[in-house]
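Here is a quick walk through one chain, from its overall layout down to a few individual residues. Have the sequence and the 3D view open as you read.

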Amino acid sequence: MSHKVLHLQLKSNHQLRPQPKRVEKTIVVVEDAPYVSAAKTRNKIPWWAASALLCLPIWAIIYVGTLERPDVEATGVLQHGAEIYAQRCSSCHGANGGGGAGYKLNDGEVMITFPHIEDMAEWITKGSDGFGVGNSYGDPERGRIVAGGMPAFGDVLNAEEIISVVLHERAVFGNSEDAVILATELDHIIEAGEMNLEMYFDAETITSSEIAEIFEETHNTTS
Ligand code: HEC
């Protein structure tokens, strides 16, 4: 903004007055810069249109959100495993694997007890009673002794469900890349009809090496 300052000096020339007064007045004339006056004369957006414009980005986000909502039916084994975990395991092991009545599984703990996936699947099939209170389970270095309280899931979950929940726990709580790879491989061969895991593991007789064969076959079929 530019200011034009006019100094006006008003002098009284009246001869009769003994002491002529000198009055000084300053008038400040404010002149708009060109862009300011342009803005003042421009047509204004009405208030309601302005608020509608403000809402536009939110509308856009909501719209895109509805377009990209994940397909509810697209469930691989990891997704399936997460659902089973929430239904069957979280009450004792915590919604995010933080533990409770059952051990903490997250922060990689589950991988320390079970370095081998087939041993973990066997444990979940048989539970505390299947292993027998006082016996050891998992990696001998971990030193776990069955104290009781872990249900057997061999009659409740079929092979696909047990493997899915095991993969979910290892991938999400154990940060296991191997589990993510195995899950992807399983998704492919199940979808291609090359493997069917709808049978149930017999908790009385199943061994971890029999379960390991499923994973070997998965690798062999995929590669
Ligand atoms: C009723 C409570 C309960 C439920 C439900 C439960 N667990 Fe457990 N879980 C336990 C207990 C208690 C132990 C320790 C068992 C023992 O010492 O005999 C355990 C141990 C484990 C372990 C070994 C952890 C370690 O570090 O020693 C894993 C893995 C496990 N559970 C996975 C699961 C999965 C998977 C499910 C769901 C399919 C599940 N649990 C459901 C109570 C439960």
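Two residues count as in contact if their C-beta atoms, placed from the backbone, lie within 7 Å. On that basis, residues 24 or more positions apart account for 65% of the contacts in the chain with a separation of 6 or more.

Before going further, some housekeeping. This is a predicted model, where local features need pLDDT of at least 70, side-chain atom pairs count only at pLDDT 80 or more, and totals for chains, interfaces and linings use all residues. Residues are numbered from 1 along each chain as its sequence is written.

**Confidence.** pLDDT is the predictor's confidence in each residue, from 0 to 100. The chain averages 84, and 70% of the residues score at least 70. Two stretches to treat separately: residues 8-13 stay under 50, and the model has nine contacts for them beyond four places in sequence. Residues 69-74 are also below 50, with zero contacts in the model beyond near neighbours in sequence.

**Layout.** Helices (H or I, at least four residues) and strands (E, at least two) are DSSP runs, numbered from the N terminus. There are eight helices and four strands, and along the sequence they run β-β-α-α-α-α-α-β-β-α-α-α. A residue is buried if 20 or more other C-beta atoms lie within 10 Å of its own, exposed if 12 or fewer, and partly exposed in between. Of the 223 residues, 23% count as buried.

**The core.** A nonpolar core is a set of buried Ala, Val, Leu, Ile, Met, Phe, Trp, Tyr and Cys residues joined through C-beta atoms within 7 Å. The largest one here has 33 residues, and A121, I124, I162, V166, L167 and A183 have the most contacts inside it. Two or more residues each come from helix 3 (77-93), helix 4 (109-113), helix 5 (117-131), helix 6 (159-173) and helix 7 (177-191). Helix 6 gives the most, with nine residues.

So what is helix 6 like? It is largely enclosed by the rest of the structure, because 14 of its 15 residues are buried. Just after helix 6, N175 takes a positive phi of about 50°.

L105 sits in the loop between helix 3 and helix 4, and it counts as buried because it has 24 C-beta neighbours inside 10 Å. M111, in helix 4, is buried too, with 21 other C-beta atoms within 10 Å.

| Residue | Contacts |
|---|---|
| I124 | F153, I162, V165 and V166 |
| L105 | H93, G97, V110, E169 and F173 |
| M111 | R170, G174 and S176 |

The C-alpha atoms of L105 and G174 are 7.6 Å apart, though 69 residues separate them along the chain. For M111 and A171, 60 residues apart, the C-alpha separation is 9.8 Å.
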